[in-house]
Amino acid sequence: MNNSKNTSALISIIKHPILTDKTTLMVEDNKYYFAVTIKAKKSEIKQAVEKLFDVKVEKINTLIVKSQKKRIGKYLGYKSKYKKAIVKLNNQYRINLFSDT
């Protein structure tokens, strides 16, 4: 595998950060929440976060959030399941999720 293909594969592992009231409070403890692909392993998530944000990861916890019922009017559907990664960074590193512009 060449380097650029490997980089794009790592970038595609992380879908988006999860920003809620609870997760913004956890940023103070240097914990960040990301939605990742279902088949991603902890080691792959660690490599992706370290490469994408140029930080040092201390610990990773993962869980799969099951699909949830979602009603729109009289129609009933489901939100698809996804994998959530809780990433704890080394104390000297930070990720700026909120742009200052």
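How far from lysine 84 is the nearest side chain of opposite charge? That side chain is aspartate 21, 13 Å away. Lysine 84 is buried (under 20% relative accessible area, where exposed is over 50% and partly exposed lies in between, with a 1.4 Å probe and protein chains only). It has no salt bridge, meaning a side-chain nitrogen of Lys or Arg within 4 Å of a carboxyl oxygen of Asp or Glu. For charge, Lys and Arg count as positive and Asp and Glu as negative, while His and the chain ends are not counted.

This is a predicted model, in which local features need pLDDT of at least 70, side-chain atom pairs count only at pLDDT 80 or more, and totals for chains, interfaces and linings use all residues. Residues are numbered from 1 along each chain as its sequence is written, and side-chain values use heavy atoms, leaving out hydrogens and water.

**The sheet**

Lysine 84 belongs to strand 6 (residues 82-89). Strands (E, at least two residues) and helices (H or I, at least four) are DSSP runs, numbered from the N terminus. An open sheet of 4 strands has the order 1-2-6-3 with antiparallel pairing, where two strands pair if DSSP finds at least two bridges between them. Strand 1 (14-17) and strand 3 are the edges, each with a single partner strand, so one side of each has no neighbour in the sheet. From one strand to the next, the twist averages 30°. Helix 3 packs on this sheet, touching strands 1, 2, 3 and 6, and its direction makes about 120° with that of strand 3. Such angles run from 0 to 180 degrees between N-to-C directions, with axes fitted to C-alpha atoms, for helices over the stretch in contact.

| Strands | Bridges | Residues standing opposite |
|---|---|---|
| strand 3 and strand 6 | 8 bridges | valine 65 and tyrosine 82 |
| strand 4 and strand 5 | 5 bridges | glutamine 68 and lysine 79 |

Strands 4 and 5 form a hairpin with 2 residues between them, and glycine 73 in the turn has a positive phi of about 65°. Of the 5 residues of strand 4 (residues 68-72), 0 are buried, so this strand lies largely in the open.

**The core**

A nonpolar core is a set of buried Ala, Val, Leu, Ile, Met, Phe, Trp, Tyr and Cys residues joined through side-chain atoms within 4.5 Å. The largest has 17 residues, and Phe34 and Val87 are among those with the most contacts inside it. Beyond neighbours within four places in sequence, phenylalanine 34 is in contact (heavy atoms within 4.5 Å) with residues including Val49, Lys84 and Val87.
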